[in-house]
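Dear colleague,

Please find the structure below, followed by my notes on what was found in it.

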Amino acid sequence: MIGSKFDLLGHISSISVALQKTDLWGFKDRLFRVHPSVSQALAEHRPVVALESTIITHGMPYPHNLSTAKEVEAIVRAEGATPATVGVIQGHVHVGLSSEELDHLARSTTSLKVSRRDLPYAISKGLSGGTTVSGTMIAAYKAGIPVFVTGGIGGVHRDGENSLDISADLTELGRTPIAVVSAGVKSILDIGRTLEFLETQGVCVATYGTSNSFPAFFSPQSGFTSPYHVCNAEEAAELIAGSLSLGLQTGLLFAVPIPEEQAAAGQQIQEAIQTAVAEARAEGIRGRDVTPFILQKVNELTEGKSLQANIALIHNNAKVGGQIACALSQHMKERKLRHTTRHHGERSSDSQSNVVVIGGINVDFIAKGKAEKLLFGQTNPGSVCQSFGGVGRNIADCLSRLNHRPLFISAMGTDLHSEAVLNHCKHMNTSGVARLQEQSTATYCAVITERGELSLGLGDMDIHQHISEQYVSQFETQLSSASLVCLDGNIPVSTVDYVCSIAKKHAVNVWYEPTDSDKACKPFLSEAWKSLSYSSPNLAELCTMTKTLGIPTSEVQPSSLDEVLSCALALSRPLLEHLHCLVVTLGAKGVLVCGEHVAGSVNLQPRKEKRRRGRLCALHYPALPVTTEETMNVSGAGDSLAGGMMAGILQGRDTNSCVQMGLLAARLSLASPHPIATILTLDSVDPNVVQTQSWPKPSFVWMD
């Protein structure tokens, strides 16, 4: 059973409940479409700036609106960030728009102005529209974009103390943790009461620059002051990082004064605004129609100067926002590095600092029949449980519980499953896990018999292809200095090749866990396998490896223990010309450890030279007895075995201790509802502590 390769999770009362939740979340997730360039940037932790679209649909006439939108995106790119213009198109919220989609919104005369209130209606009716500050903040937060650039935010309207006409932008800032970069509050509004309302909402407001003077859109001064100011992008980034660290769930407002060269026209524009406000009041224009009316009227009265100033301040905001996003990205990377360095220093005594695991995360649904034989085409009595697995995740989980907190690199979606996985993995270092929009977290459904044998398995594992060479390469520093890197067979061949090339260049030890017989071939499709140090296949996976290398392999699986051992030894021999050690899992028949002889045993400790010096030998360890009544699942036993052995190797233990640690971890897994037992600790698998176990002497055999 130790050689089994599918994964399990914790119990749930009913699979139908989980599937209902999945369907609802999947429906919600399909309403948000993230442009590939934005999704890729987020996955690679590169800076992204969200941009609103009401400026396109309601803020400027065509073609100024389209040209301005494209210019703003170009400015963001020039600063080193990826622009993500948000809009609603035919009932879908788009985060990042193509040129065609920008043109569609710019030309449309029927677009809605979409705030939080309007999103459900626009989606249900399949309508299109420009997102306001409020609407854009919602989409940016869902996508994981912390910085958003706009022209100016809405606020408390004049006479708002009587009309209660208050923009949803303000309440959104009070409940959505996004940093909004704007030219302050639109000067047609009651700026004093707007600042008071933001204070009530708990929103941190800071002027960008050396002064606390709060800008009024077209004018660098409004007569009011901000509570704070930040002098540059780095200070702004520190403020954002601090707010996010506190988990306050409130936004930040950075008020950026209009450039000085455009501020000269401010007085004329302010006079035109007063005239336009009076006309709007006289004509009974209220609510959302006020801003477009006044902006159009002001543009007429100033003969286009207000439009030029509007475009200039938006360009400036885009530049500042791009700089802040880049500074924030750099700040987070540096903070992560400082944390890692400090973490390594604190944990160096127990070798937790430099292990990397790259592989898959799965959410598993395991249906176990109550009868020995399952009847297909009809309902069978049984039980269903959900668990969090994936070979890479399991091994990282096991190592984390055994005082080796590895960096885990993987990929998952931003769906309900991903939130549950991260919650389950709080004890692990998941900082290397990419969360991808419009992708589903890998799921696996297994139907097993009462005895634990797999009858049918279905998997949605496409997201594992996003654990790409490009994504993993950002962790090259950690990879090149690692004491051990573990790869599972879920990752793409190109990623396997890349990691093996790093291992060869920097003499890094790599452990390959094949995952299943179909994926076992990946390193052996090229010379990459020669850079591996360890691998832990079962017999079927070992056959795949040798077949891939063109080595004659029997199609008939042996049955008796002697036949199994003879076959495993013969298949392992050619691989050990380059691999340091092979751990062949044999299920109920135990484990065969093959490698270089030292002091009457197999040398599991990493060798300093790639070239082998000693003779080859093997040790066979019987499996620990586990009764049918004790067995709760067979999903993570093989991964627990591998993880336990890795922990022993990293701690410099002798071969017997390493294998015994793996066998004890595997037994705990078999008796647990989780693939990695939650009661797993170093003491629970330390042979010197677990005195109740009687250990039979392993069988020794020479291989050459």
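L664 counts as buried because its relative accessibility is 3%, where buried means under 20% relative accessible area, exposed over 50% and partly exposed in between, with a 1.4 Å probe and protein chains only. This is a predicted model, in which local features need pLDDT of at least 70 and side-chain atom pairs count only at pLDDT 80 or more, whereas totals for chains, interfaces and linings use all residues. Residues are numbered from 1 along each chain as its sequence is written, and side-chain values use heavy atoms, with hydrogens and water left out.

L664 lies in helix α24 (residues 655–670), helices being DSSP runs of H or I with at least four residues, numbered from the N terminus. Not counting residues up to four places away in sequence, L664 touches L624, S684, V685, V690 and W695, contact meaning heavy atoms within 4.5 Å. Q660 is also found in helix α24 and, at 12% relative accessibility, counts as buried; leaving aside neighbours within four places in sequence, Q660 is in contact with P687 and W695.

Elsewhere, helix α16 (residues 391–401) packs with helix α23 (residues 637–650) at an angle of about 45 degrees, their axes being 8 Å apart; axes are lines fitted to C-alpha atoms, for helices over the stretch in contact, and angles run from 0 to 180 degrees between N-to-C directions. On the α16 side, the contact is made by V391, N394, I395, C398 and L399, and on the α23 side by D639, S640, G643, G644, M646, A647 and L650.

Best regards

Terms used:
Helix = DSSP H or I, 4+ residues; strand = E, 2+ residues; numbered from the N terminus.
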